[in-house]
Amino acid sequence: MAHRVAGAPISWGACEVPGWGLMPDPETVLKEMAALGLAGTELGPPGFLPEDPEAIRARLDRHGLRFVGGFTPLVLHEPELDITAARRALSLLAHAGGEVAVIAAVQDAAWSPPRPLDDEGWGHLAAHADAVQTLTQEYGLIFALHPHIGTLIETEAQVRRALAVSEVGWCLDTGHLMIGGTDPAAFAREHGHRVTHVHLKDVDAAIAAELMAQRLSLVQATQAGLFVPLGRGAAAVAETLQALNEHRYDGWLVLEQDTAITADEPAVTSAPMLAVRQSIAFLNSAHTTEEINR
């Protein structure tokens, strides 16, 4: 399984959400990913890695890391799709050697709080998601629609509506599904054939409840310890992995324990590396148990 386990810059504090916090040093992050034995990494937010595809390839090659792909927020519910923005993001991923385009449906480019969609809005979202998936395939990439807190697809009802209106592939994110009220393991059992990419994170249920009650923002909840090493939260990670295995999912497993850096720090501390190491140990244990039970 080791060749399928990748890291994500968000575990070290590099996030695409506007106003998230300080950007960690990319060389330190990539060096620590490699030291942990991770097979690859996602792109991270603008400014984390170079915008030149060849420069991305060179930097990751220097650390022995494969390029998994990247996360792109797009406005999909308006009547017109910004195809230029979609092409720009997909072109960078494809030319840098990426494999997966992870797409989130945001209210706008500033990640304004999402507003409920009417039938027309859902129709636009479905049509544009289909169009972006087709475009993604033209670039030789895999499309994965990402449910995410703070986007138009966060609650259980929104997840079910999105599944119903479009046949696109999905990113199963154990953390964001669980926070929004969707059981990740049930999602994997019922919709495993739709899963094209996986983000693994675990969640503190009490802090998640504070977030969904709007008593904490996503950044505040993250700083309070919303995301914990795999196996220490309520996101049913082991059961989800078992269900994915039954569907013969053989794609990337990207470890994410979101971190938000707000204090001025001279370098990345050892805390993210320790948390990711704990998650890797959990994955290895879960995989061994599964093999024994076969």
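The following conversation goes through selected features of a predicted model.

Q: Which way does strand β6 run relative to β7, and how many bridges join them?
A: Strand β6, residues 170-173, runs parallel to β7, and 4 bridges join the two. Within this pairing, C171 stands opposite H197 of β7.

Q: And how many bridges are there between β7 and strand β10?
A: There are 3 bridges between β7 and strand β10 (residues 253-255), and the pairing is parallel. Here L200 stands opposite L255 in β10.

Q: Turning to aromatic rings, how many aromatic pairs does the structure hold?
A: The structure holds 2 aromatic pairs. One of them is formed by W170 and F187: the ring centres are 5.6 Å apart and the planes lie at 50°, so this pair is tilted.

Q: Where in the chain are W170 and F187?
A: W170 belongs to strand β6 and F187 to helix α7, residues 184-191. The two residues are 17 apart, and their pair links distant parts of the chain.

Q: Is W170 buried or exposed, and what about F187?
A: W170 is buried, with a relative accessibility of 0%. F187 also counts as buried, at 3%.

Q: What lies over the face of F227?
A: K201 does, at 5.5 Å from the ring centre.

Q: Now the largest pocket. How much space lies in it?
A: The largest pocket holds about 690 Å³ of space.

Q: How many residues line the largest pocket, and which lie nearest its centre?
A: The lining has 27 residues, and P46, T72, P73, A85 and A89 lie nearest the centre. The elements giving two or more residues to this lining are β3 (66-74) and α3 (83-95).

Q: Which element gives the largest share of the lining?
A: Helix α3 does, with 5 residues.

Q: What is the lining like by class?
A: The lining of the largest pocket has 18 nonpolar residues, 3 polar residues and 6 charged residues.

Q: One last topic: where is G121 placed, and is G121 buried or exposed?
A: G121 is in helix α4, which spans residues 119-138. Its relative accessibility is 6%, so G121 counts as buried.

Q: How far apart are G121 and A89?
A: Their C-alpha atoms are separated by 23 Å, and the two residues are 32 apart along the chain. A89 is one of the residues lying nearest the centre of the largest pocket.

Notes: Residues numbered from 1 in each chain as written. Predicted model: local features only at pLDDT ≥ 70, side-chain atom pairs only at ≥ 80, totals over all residues. Heavy atoms only, no water. Pairing = 2+ DSSP bridges. Buried < 20%, exposed > 50% of the residue type's maximum accessible area, 1.4 Å probe, protein only. Phe/Tyr/Trp six-rings, centres within 6.5 Å; stacked < 30°, edge-to-face > 60°. Lys NZ or Arg CZ within 6 Å of the ring centre and 35° of its normal. 1 Å grid on protein atoms, 1.4 Å probe; cavity = no way out; pocket = protein on both sides within 12 Å on 5 of 7 lines; lining within 4 Å. Points joined across faces, edges and corners; volume = space filled by probe spheres on them. Nonpolar A, V, L, I, M, F, W, Y, C, P; charged D, E, K, R; others polar.
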